[in-house]
Amino acid sequence: MKAQTPGPKNFFRRLLSSARCVTAVAFALCVLIQTAPAQTNNILLLIADDFGIDNLSLYNSNQTASIPFTPNINKLAQSGVLFTHFYARPSCSQSRTCIITGRDSFRTGVGVAIAGPNTPVLNSNEYTLPRAFTTNAPQYALASFGKWHLGGTGLSISDTDSPFLTGGWTNYAGYYGPQVSSYFNWTKWSNGISFNTTNYTTLDQLHDATNFIASQGTNRWFLWLAFNAPHAPYHKPPTNLLVSPKYISLSGTGADVNTNTRAYYEAMIQSLDTVIGIVLSVVPTNTDVIFIGDNGTPIAVQQPPFVNTNVPETLIGNGHAKFTIFEGGARTPLIVAGPDVASPGRTNDTLVNEPDLFSTIQELAGINVAATLPTNVVIDSVSFVPTLKADIVRPTPFVIEEQFNESAESDGITLRNGQFKLLHFYDHTNDVSNERLYDLSSDPYEFTNLLAAPLSAVAQSNYYSLRLNLGGSVTFENTQYRRTKVPFPSVTGVRFTNGVFYVNVQYALVGTNVSAPNFTPLAAASQYPDQKSLDYTLTLWRSPNLEDPLAWAPVVTNTITAATNSVLVFTNTALVDPGATATQYFYQVTPYIP
């Protein structure tokens, strides 16, 4: 058996020296070598709430879709770079956690929108983006305005301190929960103090932002501006924020909002666009601006092509919208403009995952993430700054998406490569199998599940590749605060005899309420009635060519049945390949959830 080993580390380091002395016969000349610090700029992160790619003409050319006029967002794209394949997350808290930590959801435990005391929240021991700035770029003033939704509900001292003690912000104003009760009458928190206000929320966030920017003068700053628009409650915004007559003429009555919900949602988008235009008008020219949506559009207001009358599944429940792991649940806009963007007015097809913002924002601020990341912190973030500095596509082997603790029907995990996407649902409610495979090059909106028929050779090899690589991220169903990854086995020995290859492994037989290092207690009973939540499989994979990621294929799969008591039992088994007849094969063993 040949094992793949990590590539060689880069041992070349920049030597920073204050002086170099050159000795001559009668004297020494000391030459001072100085390195000029890299020029950095202000950073403005704009987050629109419940805003998928179906809402912008920049992304959606479907002739049956109703799309609002957004001149300021369009202008931002014309002056920057528009990313065509950005993956946020299916819901708001999950999305914000990925940005602020640079970690996938299975690592943080926040897999859905925070909705009460039993929902996982952002952990106070996370190494967050504000903490990275405070430690490594103290010259930046920091502020976060608008929607928080990472733990604070305003019901206790610890909640009201959440943006500061948990998030690491030094300046915060906004609201804590998923939404305000009314955009025109709501409770605002400003640096730990609450008060009622009748300021329209989107304008209030505008005022906080512009006041902060003006107060900084020529100092560097990083502003996280999280609008709650166009999230519910749907309504008619102030008329002076609207430009299209069809929105200005809306009656604004409750009955009309209920009847014509999409029109009011569009009006809220247009009012947000107007406010974004005002913000951008006061932003200094040395500012990098990042605009994203936090999750896909809600099913009640989602537009074609994600909604399709010929695909009934897209019309019921959450369809392929927010709170799902389909493209419509997580694909949102990503636009970046500013002095760090070369050749503005272009698109970029790089697969960008939301945690990548963590490293990208730091790199824009001149922070060396690799050199400053605490040793005990694991991130899933890869900077896409190279795609800003030059018109290139960053190689991205895979992009992961996930959701858990939302519902039995929609919880799951996905992995996509450049062409194919594998969806793995933790429940079997809607499918005979809990997996789906889509060819996004020909079926970008996921209407045809390839696993419903025999696969072509290309689809089969991609399916195997995705399934193999997804094994490192699947998790057990946990108690309320964390997820535990399905454990990888330890290889204890290998043997080859007469064309038969044996791999001896030690694996964990998992029981409930396990007490073991780095292992979070698991749920005693599954919320999924047709799945034993602690069962998993081990698969022996074989490849004749280590350099070809599509050459792997499964040889044998063993099911590991959960323990019946509250222990973590380690036991041994052998995985056997009876057909190891080629000149060379490479092997690996991975776990998976059945």
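**Close-up views of a predicted model**

View A. Asparagine 199 counts as partly exposed because its relative accessibility is 39% (buried is under 20% relative accessible area, exposed over 50%, and partly exposed in between, with a 1.4 Å probe and protein chains only). Before we go on, a word on the source: this is a predicted model, in which local features need pLDDT of at least 70 and side-chain atom pairs count only at pLDDT 80 or more, while totals for chains, interfaces and linings use all residues. Residues are numbered from 1 along each chain as its sequence is written, and side-chain values use heavy atoms, with hydrogens and water left out. Look for asparagine 199 in the loop between strand 8 and helix 7 (201-216); helices (H or I, at least four residues) and strands (E, at least two) are DSSP runs, numbered from the N terminus. Apart from neighbours within four places in sequence, asparagine 199 is in contact with Tyr183, Trp186 and Asp204, where contact means heavy atoms within 4.5 Å. Between the C-alpha atoms of asparagine 199 and tryptophan 186, which are 13 residues apart along the chain, the separation is 8.3 Å.

View B. Ten strands form an open sheet with mixed pairing, in the order 8-7-6-5-9-3-10-11-4-12; two strands pair if DSSP finds at least two bridges between them. At the edges are strand 8 (193-197) and strand 12 (346-353), each pairing on one side only. From one strand to the next, the twist averages 15°.

**View C. Strands 5 and 6.** Strand 5 (residues 141-147) and strand 6 (residues 172-175) run parallel and are joined by four bridges. Glycine 146 stands opposite glycine 174 in strand 6.

**View D. Helix 1 against helix 10.** Helix 1 (residues 71-78) and helix 10 (residues 261-282) have axes that come within 7 Å and cross at roughly 50°; axes are lines fitted to C-alpha atoms, for helices over the stretch in contact, and angles run from 0 to 180 degrees between N-to-C directions. Here Pro71, Asn72, Ile73 and Leu76 of helix 1 meet Asp273, Thr274, Ile276, Gly277 and Leu280 of helix 10.

**View E. The buried side of helix 4.** In helix 4 (residues 129-136), the buried residues are Leu129, Pro130, Ala132 and Phe133. These residues lie on the same side of helix 4, because they cover an arc of only 160° around the axis (the arc is that of the directions from the helix axis to the C-beta atoms). Their cover includes strand 3, helix 2 (92-101), strand 5, strand 9 and helix 12 (356-364).
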